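Q: Could you take me through this model by setting each value against the definition behind it?

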Amino acid sequence: KGSSIELSAGGSKKGLADVASGAVQIGNSDIFAPEDLKGQLVDHRVAVVGFAAMANKGPHNEHVAALSLSDLAKIFAGTIKDWKEVGGQAQPIVVINRAPGSGTRTVFGNAVLGGDKFMESKTEDNSGALVDKLKQTKGAISYLALSFKDDALATLALKGDAGVVEPSPENIASGAYPIWAYEHMYTKGEATGASKEFIDYVLSDEFQNGPLTKVKGFISVKAMKVTKDKD
């Protein structure tokens with residue numbers, strides 16, 4: 001009560017840079033802070049979000065429900081160029097990447113490609129615009145947080161030796177589905193004042209078991225059965 005919150009976008013790296021510089025009190029990020037900032041910043045892991053490959057939906061991929069990590073890597077590296085190479089109908093694959101600096105790009109790239117090894121392509125600066133671009137571009141594919149899952153797009157599961165793994169909250173929480181990240185709230189030093197009160201509320205059972213469960217695509221940190229210390 002008596003506090004106000006101003007929110008601005010810009011990507012995970014901007015969140016980290018702004019909190020490190022003192023421009024903001026809390027810097028939100030999909031990714032861990034880099035080594036050169038870890039001594040300055042305190043990490044508050046407040047939620048988990050999964051990521052998945054999502055594609056323009058059409059006859060070219062209507063029978064492609066899942067892809068292996070190997071196939072995804074080849075698509076985003078530019079080695080696989082047509083949907084017919086992964087069980088679909090002939091249609092060139094159009095890769096659309098998030099711009100460098102995006103936490104989504106970092107998380108997906110590390111999990112699928114072992115780093116930022118994406119092919120050169122058109123990019124989008126934010127996920128909302130990317131959803132629209134995928135809907136408009138025949139044969140297109142990209143990657144998004146599950147909070148941006150859209151019924152008008154094909155959301156692809158992962159195909160592995162043990163079968164197909166859907167990007168569901170249960171599979172993410174158990175570790176069966178590997179493409180996920182913490183949602184971090186970083187502060188410069190220990191949180192104090194209104195920032196501490198806000199973060200404490202977000203981490204409370206009241207929020208984690210209440211409002212957070214109603215936010216599309218996000219999972220409570222308290223539900224996770226696995227952990228990670230790097231992206």
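Q: In which strand is Val-94 found?
A: Val-94 is found in strand E4, residues 94–98, where strands (E, at least two residues) and helices (H or I, at least four) are DSSP runs numbered from the N terminus. This is a predicted model, in which local features need pLDDT of at least 70 and side-chain atom pairs count only at pLDDT 80 or more, while totals for chains, interfaces and linings use all residues. Residues are numbered from 1 along each chain as its sequence is written, and side-chain values use heavy atoms, with hydrogens and water left out.

Q: Why is Val-94 called partly exposed?
A: The relative accessibility of Val-94 is 30%, and partly exposed is the class in between buried (under 20% relative accessible area) and exposed (over 50%), with a 1.4 Å probe and protein chains only; Val-94 therefore counts as partly exposed.

Q: What is Val-94 in contact with, beyond its neighbours within four places in sequence?
A: With contact meaning heavy atoms within 4.5 Å, and those neighbours left aside, Val-94 is in contact with Thr-137, Lys-138, Gly-139, Ala-140 and Ile-141. Gly-27, by contrast, is 67 residues from Val-94 in sequence and 33 Å from it in space, C-alpha to C-alpha.

Q: Why is the protein chain called as compact as a globular protein of its length?
A: The secondary structure of the chain comes to eight helices and 11 strands. Its radius of gyration is 18 Å, close to the 17 Å that the globule rule gives for 231 residues, so the chain is as compact as a globular protein of that length; the radius is taken over C-alpha atoms, and the rule is 2.2 Å times the number of residues to the power 0.38. Along its principal axes the C-alpha trace spans about 60 × 30 × 30 Å, and 48% of the 231 residues count as buried.

Q: What share of the contacts with a separation of 6 or more is made by residues 24 or more positions apart?
A: Such residues account for 70% of those contacts in the protein chain.

Q: Which residues have the most contacts inside the largest nonpolar core?
A: A nonpolar core is a set of buried Ala, Val, Leu, Ile, Met, Phe, Trp, Tyr and Cys residues joined through side-chain atoms within 4.5 Å. The largest has 55 residues, and those with the most contacts inside it are Ile-75, Phe-76, Phe-108 and Ile-141. Strand E2, residues 41–56, gives the most to this core, with eight residues, whereas a second, separate core of eight residues includes Val-46, Met-185, Val-202 and Leu-212. Not counting residues up to four places away in sequence, Ile-141 touches, among others, Trp-83, Ile-93, Leu-134 and Leu-156.

Q: What makes Leu-153 buried?
A: Leu-153, whose place is in strand E7 (residues 153–155), has a relative accessibility of 3% and therefore counts as buried. Its C-alpha atom is separated by 6.3 Å from that of Met-54, 99 residues away along the chain, and, neighbours within four places in sequence aside, its contacts include Met-54, Ala-55, Val-131 and Leu-144.

Q: How do you know that Arg-45 is partly exposed?
A: The relative accessible area of Arg-45 is 29%, which means that Arg-45 is partly exposed. Arg-45 and Glu-183 are 138 residues apart in sequence, yet 5.9 Å apart in space, C-alpha to C-alpha.

Q: Why is Ala-194 placed in the class it has?
A: Ala-194, in helix H7 (residues 193–203), has 43% relative accessibility and so counts as partly exposed. The C-alpha atoms of Ala-194 and Lys-1 are separated by 9.5 Å, although the two residues are 193 apart along the chain.

Q: What covers the buried residues of helix H1?
A: The buried residues of H1 (residues 12–21) are Ser-12, Gly-15, Leu-16, Asp-18, Val-19 and Ala-20, and their cover includes strand E1 (27–29), helix H2 (35–38), E2, helix H4 (103–112) and strand E10 (180–188). Just after H1, Gly-22 takes a positive phi of about 90 degrees.
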